[in-house]
Amino acid sequence: MKKVPNGQFLIDGFPRNEDNVAGWNKDMNDKVNLKFVLFYECDEDECLKRALARNEGRSDDNVDSFRKRIQTYINSTMPIVNSFKGRGLLRSIDAGSDPESVFLLTQKCFEKDGSE
């Protein structure tokens, strides 16, 4: 990992499940000051529309595969998200709007505590 001047960093897409959380807590819990978890909320239909539109040509880029991924996400990741929410560490963003609006909302999350 590249060292950053202010010692702050962002981890994308993590943790996804209980094993990730357990590993993080074991190895990192006493080494970092977790300020918040950023969560982008987007309804299933919008997620499917965006995923199918990216047209990466993968064999599993189809509605059935995406629905299975979403179900895995709901079963494995949402309990983790809810845990962070219960601890007051979750900052949610409505990701259903245009990218520029989502970016502005994201910036505001980092500005709340000077984490820019």
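Author: Helix α2 passes helix α3 in a right-handed crossing. This is a predicted model, so read every value as computed from predicted coordinates.

Two packed helices are described by the angle between their axes and the distance between the axes. Take the angle here. Helix α2, residues 44-53, and helix α3, residues 63-86, pack at about 130°. Their axes lie 10 Å apart.

Which residues of α2 and α3 make the contact? From α2 come Glu44, Asp45, Leu48, Ala51 and Leu52. From α3 come Val63, Phe66, Arg67 and Ile70. By type, the contact of α2 with α3 has 6 nonpolar residues and 3 charged ones. It has no polar residues.

Now pick out one of these residues. Ile70 belongs to helix α3. Is Ile70 buried or exposed? Its relative accessibility is 17%, and buried means under 20%, so Ile70 counts as buried. Leave aside residues up to four places away in sequence, and Ile70 touches Glu44 and Leu48. Both of these partners are on the α2 side of the contact. Cys47 gives another distance to check. Ile70 and Cys47 are 23 residues apart along the chain. Their C-alpha atoms are separated by 9.0 Å.

Step back to the whole chain. It has 4 helices and 2 strands. Along the sequence, the pattern reads α-β-α-α-β-α. The C-alpha atoms fill a box of roughly 40 × 35 × 30 Å along the principal axes. Of the 116 residues in the chain, 22% are buried. The accessible surface comes to about 8,700 Å². Carbon and sulfur atoms hold 51% of that surface. Consider next the contacts between residues at least 6 apart in sequence. Of these, 59% join residues at least 24 apart.

Two other spots deserve a look. One is in strand β2, residues 90-94, where Arg91 is found. Arg91 has a relative accessible area of 15%, so it is buried. Arg91 and Thr106 are 15 residues apart in sequence. From C-alpha to C-alpha, they are 9.2 Å apart.

The other spot is Pro15, in the segment before α1 (18-27). Most peptide bonds are trans. The bond from Phe14 to Pro15 is cis, with omega near -5°.

How values were computed: Residues are numbered from 1 along each chain as its sequence is written. This is a predicted model: local features need pLDDT of at least 70, side-chain atom pairs count only at pLDDT 80 or more; totals for chains, interfaces and linings use all residues. Side-chain values use heavy atoms; hydrogens and water are left out. Axes are lines fitted to C-alpha atoms, for helices over the stretch in contact, and angles run from 0 to 180 degrees between N-to-C directions. A crossing is left-handed if the near helix is turned anticlockwise from the far one by less than a right angle, and right-handed if clockwise. Contact means heavy atoms within 4.5 Å. Ala, Val, Leu, Ile, Met, Phe, Trp, Tyr, Cys and Pro count as nonpolar, Asp, Glu, Lys and Arg as charged, and the others, Gly among them, as polar. Buried means under 20% relative accessible area, exposed over 50%, partly exposed in between (1.4 Å probe, protein chains only). Accessible areas come from the Shrake-Rupley method with a 1.4 Å probe; for residues, only the protein chains shown count as cover.
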